[in-house]
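Colleague: I'm new to reading structures like this one. Could you take me through it, one question at a time?

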Amino acid sequence: MSEYLLEMSGICKSFTGVKALDNVNFKVRPGKVMCLAGENGCGKSTLVKIISGVYTKDEGEVLFEGKKISKITPAEATKLGIQVIYQDLSIFPNLTVMENLAINSEITAGRALVNRKRWEATAKEALSKIGYNIDLYAKMGELSVADKQLVAICRALLFNAKLIIMDEPTTALTKREVDALFKTVRQLRDSGIAIMFISHKTEEIFEISDDVCIMRNGKNVYSGLTSDLTPQQFTFHMTGRELTADHFIPKNISKDPVLKVEHLTLKNKFEDINFELRKGEILGVTGLLGSGRTELALSLFGLEHPKEGKIILNGKEVHIGSPIQAQNLKIGYVPEDRLTEGLCLNQPIADNITLSSLKRLCKAFGLLKKQDLIDDGNIWKEKFSIATDDVRKFASTLSGGNQQKIVLSKWLSNDLDVLILNGPTVGVDVGAKQDIHALVHELANEGLAVIIISDDLSEVVVNCSRVIVMRDGKIVGELEENDITEEVILEIIR
Amino acid sequence: MKEKIKNYASKNGYTVMLLALMAVLLLFFTITKGGDLWHLGPWKGICMQFPEFGLMTLGVMFCFIIGKIDMSFVALGDFASILAVKYMEANVTEGMSNGQIAGVIGVAFLIVIVIAIIGGVINGVLITYLNVPPVMATIAMQLVWLGLSTALTQGYAVSGVPPLYSEIGHMMVFGFLPMPLLIFIIFFAISAFLLKYTVFGEQLYMMGTNEKACRFSAINTHAMVIKTFVLAALFSCFGCMIMVSTMNSAKADYGTSYVMRVILILVLAGVLPDGGVGKISNVLLSIVAVQIIATGVNMFPELNAYYASLIWGGLLLVVLVITAITNGGKKFSFKKKKTS
């Protein structure tokens, strides 16, 4: 029997020519917490999906309990005792706790009829494993994220899990909930189960993990004991640079605010929001999921309609009823979810770039020349170095970073006063991320007022000259230049 | 040269398929029916018959391109044409000059246009503001229009179409071009122009690909949906007015089989109901191909009208299955999971 539960060496994986994983090696010890750390887009999720059998690796070797495993399928992984708790938790929100716990074993057993008593027994057994108490008949969708997570853990334990992988489990939790989760994690660890904990939050990793594996750009740059590292070294490994160096420093901020929000309130979403935004400034808005940050952005773009409060643009109170009005008021918005809100994937790149500026490009009577679209697309392709040889190709042929550049171009080709970016670099590789940040800095220095909404704190820290922190629909903190650090924001966020 | 043909074929799969289908059909009917097909008669019939459902097809094509569907268009067209015929019946009296009758016909057409706009707006509002799924909204409206027509006419055909109207309908423009065909050509030109050279056309395709992204790109998606359904209603009502001239009457259930035929034509032409795709030139080929089937089937007296539904339904099923199989692999491949 090997000392390690899971050993992976030389793992490679490419998606349509892009290397997502490049020669990754790491080991997981039984009864230990191993942390897989790295920034967004470094390949963490891809690695997890290879372990759980969702993706197949291109190259490399996997040993589980010392035995070589040539091909992992999801069913195989479950049989081996590998359980993944994904961020979305893969639960059935419309079913009860009991049904959620019992359904997998019922299906595996191939039973055709329902037996309430047996279901209850299964569910109780699962909960008892971590000594967790909850109403078995509560609807899953009505539970808090923390409770859902614990139910998901219980469900994983039903399969005699030897390795539990948790994909960024603390993202939507409060500080107290995180403590409770960590208690459960330690309990599991002490019972001999290996935990693989995925995170990019420094303090959590140091608190919970025994071993750490840091990934950057699809490679693992460090693996070893957590105690051998200092937080500074850790951050360096994760980002590949000393973080303090390239803060954005605004060069010419206008005297009068271009946008002023007073007492803005949207029922059940946010209340009494006040802030000012000047030209040349990058304002960060951060907060957990559900803190009202996205709804605030949508209100400024005419997709949500707050009943109370004022939006003042260039000194005049305005009513923004629709994105069309927002566009006329020179407000642009790059949405959170690129695939569903930002792009027409199966249409040409050029048509996507020009989608919001057709009015400008057309001649009398709404006449349009296709060549004008292509020319306009080529301008942005050059300016933004979008990686394609032909703008007539579909947007779906591009990588996430390049797709995001399309969405940005779409708004930048309009004449804007205010640009709102919601999660501008989610799922974007590091290179494109830097391109996008550099471009936003340049635009701000040319006099654009920018709002960046993000829960990627390192992004907020590097780019924003001022930060608003939201919690439960309220502004709970406002930070100026030198106070903006990840630690301070984390402190306020919870 | 070979390379060029191959390249063309891979890029224009539907065009090649439709041309091949037409060739096979013509060959089949030629073999089975000898030279019967190759007289002026059947071809004249083809040119007279397809414009009415051809117009409807062009209208519904716009709905398909934005990823929606209209099932109510024939019923709406029948209702509009019943009102138009009733109006003409009531207002054309003996001894009126042709000029006066033309005036009455003009007013009747205004009525048709107004009804079409009302019908289109109702469909559009139901779908875009009240978020009713298009199939259900338009099937409900189909029943409403059918019900109104039936109540209004007790289920009987409304005749009393002024002779002048039928005369215009059967006129040969320039001595060789049947009036319905001319009208179809005009509407086809308008449609092609809209799709290829206007902002509206560009937005139609983008809407069909991702409506939400269009809303986030400051496009008035509500207005787009309503405009599209009004367009479909107008085209369809004009199609029904052509039907009035050939049937010399209007009735609540004329042309009900066209609903499925129009869907068949569009799917066959590669204008898929998921939206965002489709070439109007292929729609034209597809209309002609389907008309050849209709004409050809008519040449077999043993296949009487009782088999019509079976034939069209079976064809639609086959075409749907073929497109689902051939597109299935591609269609869902773009739904990439986010990697982070």
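Modeller: Two strands pair if DSSP finds at least two bridges between them. Strands (E, at least two residues) and helices (H or I, at least four) are DSSP runs, numbered from the N terminus. This is a predicted model, where local features need pLDDT of at least 70 and side-chain atom pairs count only at pLDDT 80 or more, while totals for chains, interfaces and linings use all residues. Residues are numbered from 1 along each chain as its sequence is written, and chains are lettered from A and ligands numbered from 1 in the order in which they are written.

Colleague: Let's start with a pair of strands. In strand 12 of chain A, which residue is the bridge partner of A:V261?

Modeller: Strand 11 (residues 257–266) and strand 12 (residues 270–278) of chain A pair in the antiparallel sense over six bridges. Together, strand 11 and strand 12 of chain A form a hairpin with three residues between them, and A:N268 in the turn has a positive phi of about 65°. Across the pairing, A:V261 has as its bridge partner in strand 12 of chain A the residue A:F275.

Colleague: Zooming out, how many Å separate the centres of domain 1 of chain A and domain 2 of chain A?

Modeller: Chain A is divided into domain 1 (6–239) and domain 2 (257–493), with bounds that come from an automatic or database domain assignment. Taken over C-alpha atoms, the centres of these two domains of chain A are separated by 33 Å.

Colleague: Which are the edge strands of the open sheet of four strands in chain A?

Modeller: The order of this antiparallel sheet in chain A is 2-1-4-5. Strand 4 (residues 59–64) of chain A pairs with strand 5 over three bridges, and there A:L63 has A:K68 as its partner. An edge strand pairs on one side only, and here the edge strands of chain A are strand 2 (18–28) and strand 5 (67–69).

Colleague: At about what angle does helix 1 of chain A run to strand 2 of chain A?

Modeller: Angles run from 0 to 180 degrees between N-to-C directions, and axes are lines fitted to C-alpha atoms, for helices over the stretch in contact. Two residues are in contact if their C-beta atoms, placed from the backbone, lie within 7 Å. Helix 1 of chain A lies across strand 1 (6–15) and strand 2 of chain A, and its angle to strand 2 is about 65°.

Colleague: In the open sheet of six strands of chain A, which strands stand at the edges?

Modeller: This sheet of chain A has mixed pairing and the order 16-17-18-13-19-20. Each edge strand has a single partner strand, so one side of it is left without a neighbour in the sheet; in chain A these are strand 16 (331–334) and strand 20 (474–480).

Colleague: Over to chain B. Why are helix 3 of chain B and helix 8 of chain B described by the word they get for their directions, and which word is it?

Modeller: Helix 3 (residues 40–65) and helix 8 (residues 179–197) of chain B pack with their axes 8 Å apart, at an angle of about 30°. Angles under 35 degrees count as roughly parallel, over 145 as roughly antiparallel, 65 to 115 as roughly perpendicular and the rest as oblique. That angle therefore makes helix 3 of chain B, relative to helix 8 of chain B, roughly parallel.

Colleague: Is the crossing of helix 5 of chain B and helix 11 of chain B left-handed or right-handed?

Modeller: A crossing is left-handed if the near helix is turned anticlockwise from the far one by less than a right angle, and right-handed if clockwise. The axes of helix 5 (residues 98–128) and helix 11 (residues 221–247) of chain B come within 7 Å and cross at roughly 140°. The crossing of helix 5 and helix 11 of chain B is right-handed.

Colleague: Finally, which helix of chain A gives the most to the side of chain A that touches chain B?

Modeller: The contact takes 31 residues from chain A and 23 residues from chain B. Two or more residues on the chain A side come from each of helix 1 (44–51), helix 10 (323–328) and helix 11 (338–342) of chain A. With four residues, the one that gives the most is helix 10 of chain A.
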